[in-house]
Amino acid sequence: MAKHETPTLDMLCNQVLTYYPDVNVELIRKAYDFADRHHKGQTRASGDPYIIHPTEVAYTLADMKLDLASVLTGLLHDTVEDTPATQEDIKREFGDEVAELVEGVTKLSKMTFRTSEEKQAENFRKMIVAMAKDIRVILVKLADRLNNMRTLEHLADLKRKQIAQETLDIYAPIANRLGISWIKTELEDLCLRWIHPDVYSKLSQRVAKTRGEREKFIDEVCEIIREKLTDYDIKADIQGRAKHFHSIFKKMERRGVDYDQIYDVVAFRIVVENITECYKALGVIHATYKPVPGRFKDYIAMPKANNYQSLHTTVIGPYGERVEIQIRTQEMNQVAESGIAAHWQYKEGRFHTRARENVAWVSRLMEWQKDLSDPNEFLETVKIDLFAEDVFVFTPKGEVKQLPYGATCIDFAFAIHTEVGNKCIGAKVNGKIVPLKYKLKSGDTLEIITSATQSPSKDWLKIAKTSRAKAKIRAFIKKQERDRARDLGREILDKSFRRMEHSLNKLEKAGRLNNVMDSAAIRTPEELYVAVGYGRMTPDDVVRRVLPKEEWEAKQPLLHKEEKAEEDKSFLKKVFRSAARKSEARNAIQVANLDDVLIRFAKCCSPVPGDSIVGFITRGRGVTVHAASCPKALDIETERRVDVRWNILNKESVRTHARIRVLSNDTPGLLAMMSQTIASCGVNIASANVRTTKDRKAVATFDVEVTGTEQLNKVISALEAKKGVITAQRTRS
């Protein structure tokens, strides 16, 4: 079937028959008729009959050679959510297995990842549980999302961008983690088309412009490689292709250059018969073309986390062009393209998977999600696991440890054991002492140096990369901070009760603190001391609730009353002074269960209306509001967190600062053009900074005052549409 050609029922049945010759075709027809009947009268945004969508989803699953239950689920996946059909109807007509898969996909379809951080975390948890229960649920969902992305042009612009961003953040990385590279790359290219339409358009034009020249170059290199391999009796299938748009865009963004300065836009793939010939072919390539130092990776000896295997090398090819070459066997090639789906095999009347290790990361996340109650930490854990490339390092005994790219000695130490991580003071890498922040490289051999007096510090959070290390460091620090808050709270309460001629120890033993704990939903005296230590409860609140009113009034010293009155007066003055300055922030933010509270926005992340946000009590400064994705917010103990949200009624009346970074060609009048573009969107520029690079590029940074993310995105789109602009994006620093 040609790409994106609308499949028919017969085409779907024939596709399944190609790999499952004794399939019950009538069951597929029955599922199609069931879906067609229940979706009768429904249309897609394009105006096409709705049945086209589930048919295309089912065809994609058949194209991946998935089992019959998955294909049936593809046809039925929207019936329970969008039609009068029930779960019982599916179970009665198609059995328990299909009913459970449809239920799993229906639950995933109801999730949105554009809500509050807590809601996102809960949805991630549900997704991981569904994946761990049956991986086919997410495979059906990926096929569903792929078809939706292919037909996104029929939706409104804002909706398109929202769905595309969610796809780029969640579903493309999952496809990558499952090793389904063709879905991952197509999703990423479609996301680029809708998130950065101007960049996509420019890339399309430039790639099309050089197509003839590029195809000639590919044919020439393929022929040279084929001849060289034939000389050594190596049979191989050789293919060359231009890299995908999103891959080129990320290189432009990472290197800060234009398309014309990206030279390695062509990749070649050599598929041979066995592993021995992979290494023989590598030798032939390196003998023919000069390899680029540091650009060889052996993923055969050390596969990626998604079971991907291949040899990667970059060489200086004809005409001095850098050329990337991948060498693998046919089986490796199948796994590289289809990932987990390549391991489904028909046997004895049913399908089973041979590659549970491909989804070991799902089991790992299942374990982590039990321990991480903080949604920010959990989301960070998921993102690290989804986006990480891997490095492979060795213990002194030769055991291989797989860690994400950018991992440090601290990550390695915690990967060995929590106590090794906690006591780590340094490391020897390949026999040489290195600092804890040393970034590991594949092939390094590490020996961790420990000390009994060492303990983790907050600075380690800036060094650690892995979710395991960060979680263990935070747990240690939070326990330390909690212990300090407990001791401080106990000391404060003890002093307060002694001034009232009472002993805190005796009151606690007599159960006199129970009323206070019950009213504040606190379970133990220790939690009460922590609450006082963190400033969530005042000592006066506790004393008043423990002692009878008559005793409180009779025994409270006059001096204490005067001191307290003066203190309150001074505090109120400070609050009102600050509140006057921060009134705009207070109007923009609502804090759960608190009125007239002092609000300030964190400068580290500068949240704007529309961002997911989280608040933290800051002693003496009210509530500090961070963007939920802010790394600093993850370092703050959860006991100080309060629920905050944007005040929708006042959102348009408040303007907050945001920073935009623009990469462009260095041309005369550039700054004036960009300033005029920003002003035309009704946005004021608070400050601007422009610098040029050696390769005649300009990097402009604008601090702008916006009413929210909608206006900010409008400005970014307007800038990207301008001639000479390579990329425009929001930046936090």
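Predicted model: local features only at pLDDT ≥ 70, side-chain atom pairs only at ≥ 80, totals over all residues.
**Entry 1**

S11, residues 424–429, runs antiparallel to S12, and three bridges join them. Together with S13 they make an open sheet of three strands, in the order S12-S11-S13, with antiparallel pairing. I noted that S12 (432–434) and S13 (446–450) are the edge strands; each has a single partner strand, so one side of each has no neighbour in the sheet. From one strand to the next, the twist averages 35°.

Next I looked for what lies across this sheet. I found helix H19, residues 409–416, lying across S11, S12 and S13. Its direction is at about 85° to S13.

**Entry 1: helix H15**

I then moved to H15, which covers residues 275–288. I counted 14 residues, and the helix reaches 20 Å from its first C-alpha to its last, close to the 20 Å expected at 1.5 Å a residue. At its N-terminal end I found a cap: a side-chain oxygen of Asn274 lies 3.2 Å from the backbone nitrogen of Thr276.

Which residues of H15 are buried? I listed Glu277, Cys278, Ala281, Leu282, Val284 and Ile285. Looking down the axis of H15, I saw that its buried residues fall within an arc of 165°, so they line one face of the helix. They pack against helix H13 (211–231) and against strands S2 (266–272), S5 (311–316) and S6 (322–329). On the face turned away from the buried side, I noted the exposed residues Thr276 and Ala287.

Note on methods: Residues numbered from 1 in each chain as written. Heavy atoms only, no water. Pairing = 2+ DSSP bridges. Helix = DSSP H or I, 4+ residues; strand = E, 2+ residues; numbered from the N terminus. Axes fitted to C-alpha atoms, helices over the stretch in contact; angles between N-to-C directions. Contact = heavy atoms within 4.5 Å. Expected span 1.5 Å × (residues − 1). Buried < 20%, exposed > 50% of the residue type's maximum accessible area, 1.4 Å probe, protein only. Arc of directions from axis to C-beta. Polar contact = N/O pair within 3.5 Å; in protein donor to acceptor, adjacent residues only side chain to side chain.
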